[in-house]
Amino acid sequence: MHTALVGVALPGLVISTDQGQLTGQGLEGFYRAGTRLLARCGLRVAGREPLAVQARRTGADRVRFVGTLRASPQSGPDPDVLVERIRCADGTERITLHSAAPHPLRLPVEVTLGTDLADLAAIASGSAGRELPAHVYDSGLRWSSGGTSATVTAEPPPADALASAGVLRWELDLPPGGRAGVLLRVRPGSGAPLRAVGHAAGNPLAPAQATGDDPRVEALLRTSVDDLRSLLLRDPANPSDTHLAAGAPWRCGPAAADALAAARMALPLGTGLAAGTLRMLARAQLPGPGPRAGMIPGPRRDAGPHLAPSCTGTEATLLFPVLLAEARRWGLPDRDTEQLLPAAERCLSWLRTAVGRDLYLPDPEPGGLSRSETQAHAHRAAVLGADLLDACGRPGGAELRQWAQAVRSAFRDDFWVDDPGGGRPAAARAADGRPVPHPGAAAVHLLDTGLLGRGACAPGLLDRADTGRLARVLAGPGMDSGWGLRGLAPKEPGYNPFGHRSGAVRVHETALAVAGLAAAGHEPEATSLLRGVLAAAETFDHRLPEMYAGEQRTEGSAPLPHPAACRPAATAAAAVVLLLTTVAGIRPDAPAGTVSLHPMRSAPLGELSLTGLRVAGAPFSLRVGRLGVAVVEEAADGLQLGV
């Protein structure tokens, strides 16, 4: 997938190679809701395939292919016909021939089509099956298998349609310097056109823009917002609620933990996405009674070579009240907060039940580990949850604060592993109390403490001294690859530069590290990681994948793509929003009518302007100068600058 050109407008998806022809090999094709509607789309002009000269994305949902051919014998070595193909995830492909010949041309055009109507998972596993026979249908062809069917129609209609060969033919007339073309429409059997959420009027993401001394920020934010919009889905239970798919092509459905994490990082683009995500997941909460009542279900996820797979349901359940509390700070309307508060209370009730008489939150199976990452999630949920309950006049806040304080007091004794460098947090604590060493990038969650009122960061599990020690570990050569934060240091047993949780750079975790380090005052360490990700983004055409290899950056090198990474990915795209707003230091408190600015004083990107953000339901813009001083340039009426 690392060499594929992917267009996304969910539930539509199109995957191509840089040659422009769809050959039916690998994952190539047009997809709708995970089904490949068209696998082959081969173009021949005057009996020849155009010579591919360029292929590039022109948006999250479309790719432009350019080819050339010589149609006139007297043209010499210079092509006189340019062939342009605009392929879109909405199921359309526009083929246009541009003539540079000094005389009229009549060119035969032939498009060969075919499909297997296979499921994406079957294709990925190599069991797609054979191509299906075609039938002439309307102004094109139709295929069917079981209860699934697909059609390709053309405008203008073809002069010939040969079902047995899957061929459509035209004779196109091009005047000197003129053009002519064909529009293909790929549809499922229902024939319904694609209505992508990201292009609808109800799209919840603000069109934020970035400009400044660093020329990369403009394209990076534009591409990331475009990618987030392309990954939006509607909840079938309530189509007015939108949420993010995890990524394309592998994870085009809802993934609770990723959807919540991405919505949280995207709060500067508005609270609508957070509200839709929270409502969708509130409907998925497990009912009671029972020990799992209030939990948001989620699958297991690989946790690297030293830990058993983790439960993403635990992470999602703990993220739910955090996202609601922080969305309220960013300006979530009171009616939405009140509507979602009972679901957040159920999450917090599950936390109290799962901890029981113990101090730490263990994995759900008997004798499960107590992971430091999970304790960070649980502690943040308790602190922000208590704040939310108090603000809404609900009971339970005092009990949560008391538990959080107890965890803070004991965490260092139980989870800190001393070494000559000052020590570091253990990855987990076994049921018998033994620490499990080999900490990785998951330790960044200890720095992600959450946002309270008046622009204050919530207390975390680490004191100031231990935060500094962790900062040195994360910024050291073992963890900082030069392209971002590795999942595991190369000297650790089980290191694999391509390992999901054992060495690859995950953009989401790197962004959390940058934000946490900057908030704790460790700007040099945050800046190193920030600049590494920005350098990597350039090599990925500003469309960051969810992860890439953790090989060390050297002079003239480039980050190695991970062949199975989603690109675009919701957490990677939303991480860009977090990175840039971290540089600006935006900390709103809409209920109090204030916004505090805590920019990075070193101004690592030089002058930076962010426009089109949303705070307190209104446009918000600011500029950070080269001396690290931030100035608000647009804000909601009555919003005051806090300390």
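The protein chain carries 64 positive and 63 negative side chains, and the centres of the two sets lie 2 Å apart. Here Lys and Arg count as positive and Asp and Glu as negative, while His and the chain ends are not counted; the place of a charge is NZ of Lys, CZ of Arg, CG of Asp or CD of Glu.

The model is predicted: local features need pLDDT of at least 70, side-chain atom pairs count only at pLDDT 80 or more, and totals for chains, interfaces and linings use all residues. Residues are numbered from 1 along each chain as its sequence is written, and side-chain values use heavy atoms, with hydrogens and water left out.

**Overall form**

The protein chain contains twelve helices and 36 strands, taken as DSSP runs (helices H or I, at least four residues; strands E, at least two) and numbered from the N terminus. Its radius of gyration is 27 Å, close to the 26 Å of the globule rule for 643 residues, so the chain is as compact as a globular protein of that length. This radius is taken over C-alpha atoms, and the rule is 2.2 Å times the number of residues to the power 0.38.

Further values for the protein chain are tabulated below.

| Property | Value |
|---|---|
| Box filled by C-alpha atoms, along the principal axes | roughly 80 × 55 × 55 Å |
| Buried residues (under 20% relative accessible area, 1.4 Å probe, protein chains only) | 58% of 643 residues |
| Accessible surface (Shrake-Rupley method, 1.4 Å probe) | about 25,100 Å² |
| Share of that surface belonging to carbon and sulfur atoms | 51% |

Of the contacts (heavy atoms within 4.5 Å) with a separation of 6 or more, 61% are between residues 24 or more positions apart.

Helix α4, residues 272-282, is mostly covered, with nine of its eleven residues buried. Among them are Leu-273, Thr-277 and Met-280. The buried residues of α4 pack against strands β19 (232-235), β20 (238-247) and β21 (251-254), and against helices α3 (256-265), α5 (312-330) and α6 (334-355).

His-243 lies in strand β20 and is buried, with a relative accessible area of 3%. Leaving aside neighbours within four places in sequence, the contacts of His-243 include Leu-273, Thr-277 and Met-280. Also in contact with His-243 are Leu-231, Leu-232, Leu-233, Arg-234, Asp-235 and Pro-254.

**A strand hairpin**

Strands β7 (residues 51-59) and β8 (residues 62-69) run antiparallel and are joined by seven bridges; two strands pair if DSSP finds at least two bridges between them. A hairpin of two residues connects β7 to β8, and Gly-59 stands opposite Arg-62 in β8.

Terms used: Buried means under 20% relative accessible area, exposed over 50%, partly exposed in between (1.4 Å probe, protein chains only).
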